[in-house]
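Dear colleague,

Please find the structure for your study below. My notes on it follow, arranged by topic.

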Amino acid sequence: MAQKVAVLGTGKIGEALLSGMIRGGWAPSDLLVTARRQERAEQLRTRYGVEAVSNAEAAKAADTLILTVKPQDMGTLLTELAPHVPADRLVISGAAGIPTSFFEERLAPDTPVVRVMTNTPALVDEAMSVISAGTHATAAHLTLTEEIFSTVGKTLRVPESQQDAATALSGSGPAYFYFLVEAMTDAGILLGLPRDKAHDLIVQAAIGAAVMLRDSGEHPVKLRENVTSPAGTTINAIRELENHGVRAALIAALEAARDRSRELANGN
């Protein structure tokens with residue numbers, strides 16, 4: 001790739017992205033990394049053959065900067081970067097809840113910023129990365145961002161006004177499924193199954209259901225109805241889920257996640 005890209009604050013997601021980019025065709029010589037700890041930087045250099053540099057050096061040398069530090073650390077990082085980032089650099093933020101205006105106010109005028117909300121399945125190349133353009137980002141900047149993040153999964157463009165909702169659904173989404181699997185595993189144990197067998201049954205059911213949702217083209221209601229026979233086991237279970245307000249609880253949980261994303265945008 002002609003672009004030189006730097007991943008700043010390379011934690012688990014940053015490393016997954018780095019690995020995906022290399023597998024996707026980026027040469028290690030075109031990639032830079034930064035890390036808070038020197039031993040972590042050395043580990044990345046040894047593992048991937050990339051150059052480990054300081055944040056300031058990355059800002060000066062790279063065409064694209066991918067900022068993967070935690071939201072609470074982003075202000076400090078931008079203060080460090082601002083004197084070194086020319087306005088022609090593309091800045092990609094992976095920080096939950098922080099709007100592109102936060103970066104535009106702290107960097108050189110007209111700096112293009114793209115906001116991305118990805119999720120932890122990036123670690124297994126099954127991420128969903130939601131991409132939004134800032135004021136000065138062009139179609140070319142969005143295309144480049146898609147090329148980078150498509151190396152670890154799927155991408156979707158949305159207006160930035162929808163990012164908080166996407167964070168609630170997709171960014172936090174894997175945790176809801178893990179929570180559900182945990183609860184179903186406990187139920188399996190209560191019903192008399194060993195933990196390992198209950199886990200295997202549920203995980204494979206989840207994988208099969210996800211593939212059917214993705215590949216069948218059917219609405220989830222139709223797929224559920226296909227499993228739900230009259231007076232059968234499934235409809236009795238569904239009735240109990242409805243009696244306990246599971247649907248309403250999920251909606252309330254997602255609203256709470258969206259609201260917290262908005263609070264993060266306001267620095268709370």
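In these notes, helices (at least four residues) and strands (at least two) are DSSP runs, numbered from the N terminus. Please keep in mind that this is a predicted model.

I begin with an annotated region. The UniProt record, an unreviewed entry, assigns residues 4–97 the annotation "domain: Pyrroline-5-carboxylate reductase catalytic N-terminal". Helix makes up 40% of the chain over residues 4–97 and strand 18%, while the end C-alpha atoms are 27 Å apart.

The next topic is the sheet. It is an open sheet of 8 strands with mixed pairing, in the order S3-S2-S1-S4-S5-S6-S7-S8. Strand S3 (51–52) and strand S8 (153–157) are at the edges, and each has a single partner strand, so one side of each is left without a neighbour in the sheet. Strands of a sheet pair through backbone hydrogen bonds, either parallel or antiparallel. Strand S5 (residues 90–93) and strand S6 (residues 113–117) run parallel and are joined by 3 bridges; Ile-92 stands opposite Val-114 in S6.

Finally, I turn to the second largest pocket, which holds about 1200 Å³ of space. It is lined by 48 residues, and the closest to its centre are Gly-9, Gly-11, Thr-68, Val-69 and Lys-70. By type, the lining divides into 20 nonpolar, 18 polar and 10 charged residues. Helix H2 (38–48) is among the elements that supply at least two lining residues, and H2 gives the largest share, 5 residues. Where does this pocket lie? The second largest pocket lies between domain 1 (5–158) and domain 2 (166–266), because both give residues to its lining.

Yours sincerely

Definitions and conventions:
Residues are numbered from 1 along each chain as its sequence is written. This is a predicted model: local features need pLDDT of at least 70, side-chain atom pairs count only at pLDDT 80 or more; totals for chains, interfaces and linings use all residues. Side-chain values use heavy atoms; hydrogens and water are left out. On a 1 Å grid over the protein atoms alone, a cavity is a set of points where a 1.4 Å probe fits but cannot get out, and a pocket is an open set with protein on both sides within 12 Å along at least five of seven lines; lining residues have an atom within 4 Å of a point. Grid points are joined across faces, edges and corners, and a volume is the space filled by probe spheres set on the points. Ala, Val, Leu, Ile, Met, Phe, Trp, Tyr, Cys and Pro count as nonpolar, Asp, Glu, Lys and Arg as charged, and the others, Gly among them, as polar. Domain bounds come from an automatic or database domain assignment. UniProt positions are given in the numbering used here, feature names are shortened, and annotations may be inferred rather than shown by experiment. Two strands pair if DSSP finds at least two bridges between them.
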